[in-house]
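Please look over the sequence and the model before reading on.

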Amino acid sequence: MSNFFSKAEVTSSGRPVLLRNEVECHLLSAVDLEPEDHRHFSLLKSGLLILTTHRLIWLPSSSASTPTCASAIPLAAISHIFSSKKSLKSVFHSPRIRFQVLVSSTGRVFDPGSGSGSSSGSGSRSVVVTAVIRGKGDCDGFLVKFWDSWRARAWETTETSGSGSASASGSGAATGTGGGLYSSDGSVRMVGVAGILRKEQEMWESTDKNLQDAFQDLNALMSKAKEMVTLAEKMRLKLLSGTSSQTSGTNDEDMGSKEEMQDWLLSVGIISPVTKESAGALYHQQLSRQLADFVRIPLERAGGMINLIDAYCLFNCARGTELISPDDMLQACSLWEKFDVPVMLRKFDSGVMVIQNKSHSDEEVFARIKSLVTKPEALRTGISPTDTAMTLGIAPAMAKEHLLTAESKGLLCRDISPDGFRFYINLFPEIDPCNMYL
């Protein structure tokens, strides 16, 4: 049987990789996708169906016996959505949603983004696909949002904006070479350096206007959220390119300010945060997967381990107005044990909870601590959590936890004085700390 559906990319935690300006709208669990022609097209059984503004994404369940790739149906390929009819027969069957999909001559769902074919080509035809909802999701609510997303045609807005800017630049170049003092709107055409400066000024004026409109009130800010995130990403990439091309001509202060600006822009927000409204009963499960994807970059900067409170603040800052409670955060982290994600929740003996990579090794940290504590000066005065924090590049509270863990392993010994904790190398490693009096 041919691969009827398009392939969808997923992250390491099993979350779908969204397209530009794509936002999740609704989720349903335990959903089968059944094309009407079973003889030529494969079936997708018992997976998670995610409705976005651009696609229908089907993800296989983690307990599936046979490996199945994530699949997608672009909303642009759907030609018709059938209305649900209530009947006596439907009471005894699982809810169903039927829609008509355009199929190219190659036997695959028509995908306008891949250029696999034209929806009006001579070899194209239509196939009815049935989504059978075997879980306990809100089928009626999903169908309403399905209709709204299909009618909104958000994918056309993205394509129009991209092609519009390209055509505008192309037409500008064409009119610039054709001569003439005035442009089509009657304004004086500027060429050369003056034209470049004027174009840059117009771009920054447009950017300034977007910022002023966005920060007038909360409603305007929420309506401009997607545009602001896109603008921040463009500014971050421009800073990165500027940093790489002007490294030799900048001092440390300029480099520090650019890195600080990049950190601010990276924390602008998540375009499509998981919410209780969109995920329903799968809220904590999807929140856990999105959190696993989000903490990847902060973990890399923190050396593979970050305090749970710091991660909570960063995650809520990125979610904007869709804040989560500490209980939701803790429950999402506890679900990582059930998923195949590269991060884990760890609790120290003192009760401090951290998020760390599964590849993080305490032995490497202990080796760096040992090299620090065996220096001549440290042999006389010992080391403090602050000294360790500067060496490891982590927070002092996290450094203290590492020192206490190294002490419990017999690597260090501790001295408590009015100045605080001082740690020294253990000169008697053969003595078991648990049975020292024996």
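## Helix packing and buried sites

Helices α15 and α16 are roughly perpendicular to each other, a label that covers angles of 65 to 115 degrees, with under 35 counted as roughly parallel, over 145 as roughly antiparallel and the rest as oblique. Their axes come within 8 Å and cross at roughly 105°. Here α15 spans residues 385-392, and α16 spans residues 396-408. Axes are lines fitted to C-alpha atoms, for helices over the stretch in contact, and angles run from 0 to 180 degrees between N-to-C directions.

From α15, the contact takes in Pro-385, Thr-388, Ala-389 and Leu-392. From α16, Pro-396, Ala-399, Lys-400, His-402 and Leu-403 take part. Contact means heavy atoms within 4.5 Å. By class, the residues divide into six nonpolar, two polar and one charged. Ala, Val, Leu, Ile, Met, Phe, Trp, Tyr, Cys and Pro count as nonpolar, Asp, Glu, Lys and Arg as charged, and the others, Gly among them, as polar.

The model is predicted, so local features need pLDDT of at least 70 and side-chain atom pairs count only at pLDDT 80 or more, while totals for chains, interfaces and linings use all residues. Residues are numbered from 1 along each chain as its sequence is written, and side-chain values use heavy atoms, with hydrogens and water left out.

**The chain as a whole.** The chain holds 16 helices and 13 strands. These are DSSP runs numbered from the N terminus, with helices (H or I) of at least four residues and strands (E) of at least two. Of the 438 residues, 37% are buried. Buried means under 20% relative accessible area, exposed means over 50%, and partly exposed lies in between (1.4 Å probe, protein chains only). Take the contacts between residues at least 6 apart in sequence: 59% of them join residues at least 24 apart.

**Around α11.** Helix α11 covers residues 308-319, and helix α12 covers residues 326-334. Their axes come within 11 Å and cross at roughly 110°. That makes α11 roughly perpendicular to α12. Leu-308, Ala-311, Tyr-312 and Phe-315 of α11 meet Pro-326, Met-329, Leu-330 and Cys-333 of α12. This contact has eight nonpolar residues, no polar and no charged.

Helix α9 also packs with α11, at an angle of about 105° and with the axes 11 Å apart. The pair α9 and α11 is therefore roughly perpendicular. On the α9 side are Tyr-283, Leu-287, Gln-290, Leu-291 and Phe-294. They meet Leu-314, Phe-315, Ala-318 and Arg-319 in α11. The classes here are seven nonpolar, one polar and one charged.

Which residues of α12 are buried? They are Asp-328, Met-329, Ala-332 and Cys-333. These residues cover an arc of only 130° around the axis, which puts them on the same side of α12. The arc is that of the directions from the helix axis to the C-beta atoms. On the other side of α12, Pro-326 and Asp-327 are exposed. The cover over the buried residues includes helices α8 (276-279), α9 (283-294) and α11. Strands β10 (343-347) and β11 (353-357) are also part of that cover.

**Single residues.** His-402 lies in α16. Leaving aside neighbours within four places in sequence, His-402 is in contact with Met-305, His-360, Val-365, Phe-366, Ile-369, Leu-392 and Ile-394. Gln-286 sits in α9. Not counting residues up to four places away in sequence, Gln-286 touches Arg-15, Leu-27, Leu-48 and Val-274. The table gives accessibility for these and other residues.

| Residue | Relative accessibility | Class |
|---|---|---|
| His-402 | 4% | buried |
| Gln-286 | 1% | buried |
| Asn-21 | 21% | partly exposed |
| Ala-30 | 23% | partly exposed |
| Asp-432 | 37% | partly exposed |

Asn-21 lies in the loop between β1 (6-7) and β2 (24-35). Its phi is near 65°, a positive value in a residue other than glycine. Ala-30 is in strand β2. Ala-30 has a positive phi of about 55°, although it is not a glycine. Asp-432 belongs to the segment after β13 (420-425). The C-alpha atoms of Asp-432 and Ser-408 are separated by 10.0 Å, and the two residues are 24 apart along the chain.
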